[in-house]
Each structure stands twice: as C-alpha cells, then as structure tokens.
Amino acid sequence: MPVLTNIRQLLTCRAEGGQAALHAIERAALVWEGDTIVWVGPEAALPARFRAAERFDAGGCLVAPGLIDCHTHLAFGGWRADEFRMRCQGVSYLEIARQGGGIRRTVQQTRAASEDDLYRRCLRFLQEMALLGITTVEAKTGYGLSLEEELKLLRVYQRLQTHQPVRLIATLLAAHIVPPEYAERREAYLQLLMDELIPYVGSQHLADFCDVFVEETAFTVDEARQILERGKAFGLRPKLHVDQLHDGGGAQLAAEVGAISADHLEYAAEEGIRAMARAGVVAVALPLATLYLRQRPMNARRFIEAGVPVAVATDFNPGSAPTYHLPLAMTLACILCGLTPAEALKGATCYAARAIGRDHELGTLEPGKKADFILIDAASVDHWLYHFRPNAVQATFIGGQRFENYAVTG
C-alpha cells in the first residue's frame, strides 16, 4: 500500500464546485492499494495505519489526476504536411477537401496500411502521450469507412489495450464522411452503417460510442440523427463533431439525441448551448484544430456561463490537429477559448472523464477512483500552463504503476 508524500499541492479536481474548482490540498499525501486510491489528504493528517507503508517522494511537485484526451483519431495511415503548407498559402480546409484531400486522402493511406503497421504506430504515439501525463485516450475510427477497414481499426485498439498501459476508449466514427466509392450511392453507405456495421460493432462490444461528423462535406443533421439513434439501439452512446465551420444546428441535435458530448462547437448557437445544458451534454474544446485551421475558436465562457461543463482535448489527427500534446491544447484553451488554467485542468481531467462516460472511476483524485496521477514540475497550475515547456510532467502513474518507456520494435 504505497504512500506518495512531499507533494507541494494535490489538485483533486473533484466534480463539485464548477469548472474552476480544483479542491487543492496543500502539503498533501496520497495512498493507493493495487490500482485504486484509498486515502487523500494533508500529509500531517496521514492515518497511523499508513505511516509504515512504502513511501514515494513527489519531490515537491504538483500532483494532478492523469490527463484524459477525450477526442483523438489515433489510428491513421500517412500524414498531410503538404496540406498544412497549402493552408499556410491561403487554401481553405473545405477547398482542400473538395479537391480530394483531407479525410478522403487519409482514408486511402489508412486502407493501404496493414493492421500491424497501424498497431506499431499507435504504440509509439501512446508511449509519448503517457510521458506527457496522458493516462486515458478516446480513440476514434473513421479512416477506414468500410465494414472490414473500420473493424481493422477497432482490432488495433483492442490489441493496444491488451499490450500497453494507457486506457483506451473506442468510438465508432464510420460516419466521418461518405467514402469515394459511395459518392453516387450515399443511401447505400448509410444502409451499410445502419444494417451491418453498427449492429456488428454494438453486438460484439467493440466500441462504447457512435460519432458523426455533421458538416457540408460530411453528414446532415437528419442523417446524423438516424445514425445515432441506430447506434443507441445497439448500446453505442452518441457523440458528435458539430458546428465547427458554421452553425449547423449541431448543439441542438446533441441535446436532442442525448449525446454524452458535442465537440468543436465554434459556431454553436445560444439556443443550442442552453439545450446542451438542460440535457447534460459535455462541450469539448479542440483549440489545436482552431490553431491549425486558423478558424474562430470556441468561446468556452459562453458554455460555462450557461452551465455546460467544458472538456479539453487534442483532436489528434493527420490533418487539422497533427499533435497529441494535450498540455499544449490546455494552454491554447486558455489563450484562445477563454479558460483559466484551473478550468483547463478540470476540462482535461474531471470533465474529460465525463465526456467518455468514465467519471465514476477516472478524472479525479478521490478514494475509490483509479490511481492515475501525474507529478508536475511547477509551482502552481497557473505557472504550468503559462510557462509552456516541452514537458513539465516528471512522472506518470497508471493504475498505481509508474509508466516507464518501453521498447517498440518491428
């Protein structure tokens, strides 16, 4: 039963108190048994039964819950650096997509990659993410866009969960775009999703969520509603990419279908935000995509003032957010979206856990929760996110075990 002591400040990030409430404990101690936290409090109040236990010295670091990246497109083939250059020259994201680039291009590259290649690539990504303090990752499909190719990505995620420690939550995003071979047969692709892919994924418990990208180059509100209701019938909870490039009524749709989260939301309407608050939908800010696409950022203050919790994630993908650096996304959420550092941390822990349906076991440092925590070399959460460094995280613990670099071969 190890005890972590010499903690400058422990940020419990408990749910109560709103977006900015971290419920910090000064000069704290943390005790865990196996993979579960059993006691948290001031070191001076450490119960006698723990005083002879094995000690870990936090070295005067901050301690926070393990970070949760609640929106990634983890498995994909290739990169799209040339499109980055094109956007730097003024070509828009939608224009690149219309020319055959964007998601369609990554679909081609992902289909060409073997399952083993994708597995090894994701393994490297997860190793580097863990060193940044990320202990849980939501991982979407969406670059296969056929029955077999989407299942290939889900098999990669299953293998990863078995062979490395970072927790993975799988989301079916087969409704990312209509694949090229169905360009003239849109209804046939929708039927493939609803009659074959969703029932199989749901019945085999291969994913927890069903996601849809609602945009003029992707799916309509009516199509998304059909897909998500079908997913719900097979146990897949709804998620949504919405209102990223214009107000498409996505926030209202998220509330209507009972989505666990709605992500992007840069152009969400006020009535949609109020509907999300009533329905308990988490808003997910993705400021890295805003930065790379030079788009208007989400105004997180609108959501917080309406009573909507705001999570923060990377949107890691090869086109609009080609980095998995969640601490950078948290800093950008402060600069671009109007969060304070405390609010950004709550968004990458407590509310990120809520956005993936794991707030009963992850996202806060409380007895009964998983012992996922990080040690941060910073005087305060304000200083951590203000003074951006390649990595201020000194150690990452997942399920009570310190993460160590592992060899990735092959």
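How many helices and strands does the protein chain have?

1. The protein chain has 15 helices and 16 strands, where helices (H or I, at least four residues) and strands (E, at least two) are DSSP runs numbered from the N terminus. The model is predicted, so local features need pLDDT of at least 70 and side-chain atom pairs count only at pLDDT 80 or more, while totals for chains, interfaces and linings use all residues. Residues are numbered from 1 along each chain as its sequence is written, and side-chain values use heavy atoms, with hydrogens and water left out.

2. Of the 410 residues in the protein chain, 60% are buried (under 20% relative accessible area, 1.4 Å probe, protein chains only).

3. Helix α6 (residues 186-203) packs with helix α7 (residues 221-233) at an angle of about 15°, their axes lying 9 Å apart. Axes are lines fitted to C-alpha atoms over the stretch in contact, and angles run from 0 to 180 degrees between N-to-C directions. Helix α6 is therefore roughly parallel to α7 (angles under 35 degrees).

4. Arg186, Leu190, Leu193, Met194, Asp195, Ile198 and Pro199 in α6 meet Glu223, Gln226, Ile227, Arg230 and Gly231 in α7, contact meaning heavy atoms within 4.5 Å. By class, six nonpolar, two polar and four charged residues form the contact of α6 with α7; Asp, Glu, Lys and Arg count as charged, Ala, Val, Leu, Ile, Met, Phe, Trp, Tyr, Cys and Pro as nonpolar, and the others, Gly among them, as polar.

Conventions:
Angles under 35 degrees count as roughly parallel, over 145 as roughly antiparallel, 65 to 115 as roughly perpendicular and the rest as oblique. Buried means under 20% relative accessible area, exposed over 50%, partly exposed in between (1.4 Å probe, protein chains only).
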